[in-house]
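This report looks at salt bridges and at the pairing of a few strands. Please keep the sequence and the 3D view at hand.

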Amino acid sequence: MENNFVLETDFEGVYFVGNRETGEWGLSNLDNTNNALKGSSRVFSEKPFKGVAMIALNMGRKCNFDCTYCLVGDLKNEGIRMSEKVGIKAIERIIELNSKKLQVVFHGSEPMMNYSLIKKLVSYANNSRIQFCMQSNGSLFNSKNLKFLSENNVGIGISIDGLKEHQNKTRRYKNNLSSYKIVRENISKVNNKQKGVSVISVITKDNVSDMVRIVESFEESNLRSVLFCPVNPNEDYSIVPNQKELSSNMKKIFDRFLNRRVQNKKTTQIANLRNYLRTFFKPKTTSNCVQCGAGINQPLIAIDVEGSIYPCDYFWGKEDYKIGNIFETSLEEALNSNSNFRNYRNVKNIEDCNFCDWERFCGGGCPGGSVASGRGLEKKSLYCDYNKEIFEYIARKIPLIHSKGLIRELLEG
């Protein structure tokens, strides 16, 4: 078939056959490539979103850190916080959604700087279908607030950029003091309270060469999982990691993780592996945001401090991408609004993507990151070369992962 491409996998005699036009793929030997795709279709289809996987609430544009790559920039100095009126209305709109499970993440600049509202919203939503969690810089936890969050099953994720030298380079306090010690202490407390903690590490030129050491450190601390996020720069592109170095080190930690899983050894999950693997196995509704899981549910919708609705948290405050306000618009209406870029952004309109084998797997990369860094919706990912290498890596590994019975475990991760 004209649009098929073939890769030799890590299993001798087994080949990965993909279709760059449809996103269909399969495993075969070279004598059977014409039939390789039968029964393995994971095609795109244009259907309305039935719901949303996660709702992010911006608890406020205020933070006690001064991260070198902060996309909020000077807005975090405004000190604006979500009010109780907006928070309660947001919870009411969320409960309207026709979903058995509703996941809400307290986000922000730093959500714990509006902890009083977090307590009120968790209590207000008691006995509802909402599962709360938060993404925090990890600096403001104490025994009292951790007790409340734990007793109310509020999951806590923490951002830390690796080892001490990395954290102190990119994620210092506003007064330039080190944040590493307190964050590591609180990670340990959270880990003990909720029997596991997931962390996010932003990858820059300063820590990309130490990714294996970072994973080893997290593993020693019994952390559940880590998601490595290559930085999306606001203005300073000098902090962007080299893509060859990034892909090389990402593949090293993937190999390390898979080897340890095969040997049944203790290991910290690498969430990036799960996310890339899902692009091969999860049905896709739209041709963008596929790495966040573009299925029948929109991966994320975000409510800003004053109630404005955006397609995701990257777009907070960007009026051109606003898709409603909770006081006027239901979340279901916002999801399927003509103003929601997930309903009109098409990978075929992204420069260079039409010539790429991974067009329908990648979807052009994260549109939020492209917009946040000033590149626009129809620009290919800043990490295009890196993404290609990782997609090839995953495709070559699928037979091995399948033979070890790890597919379901890694997808559900």
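## Salt bridges and strand pairing

Arg261 has a relative accessible area of 18%, so this residue is buried. The model is a predicted one. Salt bridges that share partners join Asp10, Asp255 and Lys397 into one network.

Arg261 has a partner of its own. Glu409 forms a salt bridge with Arg261, with the closest N and O atoms 2.6 Å apart. Glu409 sits in helix α13 (residues 407–412) and Arg261 in helix α7, so the bridge ties together parts 148 residues apart in sequence. Glu409 is partly exposed, because its relative accessible area is 35%.

How many salt bridges does a search of the whole structure find? The count is 20. Three of them are set out here.

| Pair | Closest N–O distance |
|---|---|
| Lys397 – Asp10 | 3.0 Å |
| Glu409 – Arg261 | 2.6 Å |

Take the pair of Lys397 and Asp10, joined by a salt bridge. The two residues are 387 apart in the chain. Lys397 belongs to helix α12 (residues 384–403), while Asp10 lies in the loop between β1 (4–8) and β2 (15–19). Is Lys397 buried or exposed? Its relative accessibility is 13%, so Lys397 counts as buried. Asp10, at 44%, counts as partly exposed.

Glu389 is partly exposed, with a relative accessible area of 21%. For Lys244 the value is 61%, and the residue is exposed. Side chains of opposite charge can pair when their charged atoms come close.

The strands come next. Strand β8 (residues 155–159) is mostly covered, with four of its five residues buried. Which strands pair with β8? Strand β7 (residues 130–136) runs parallel to β8, and four bridges join the two. Within this pairing, Met134 stands opposite Ile156 of β8. Strand β9 (residues 198–203) also pairs with β8 in the parallel sense, over three bridges. There, Ser159 has Ile200 in β9 as its bridge partner.

Definitions and conventions:
Residues are numbered from 1 along each chain as its sequence is written. This is a predicted model: local features need pLDDT of at least 70, side-chain atom pairs count only at pLDDT 80 or more; totals for chains, interfaces and linings use all residues. Side-chain values use heavy atoms; hydrogens and water are left out. A salt bridge is a side-chain nitrogen of Lys or Arg within 4 Å of a carboxyl oxygen of Asp or Glu. Buried means under 20% relative accessible area, exposed over 50%, partly exposed in between (1.4 Å probe, protein chains only). Two strands pair if DSSP finds at least two bridges between them.
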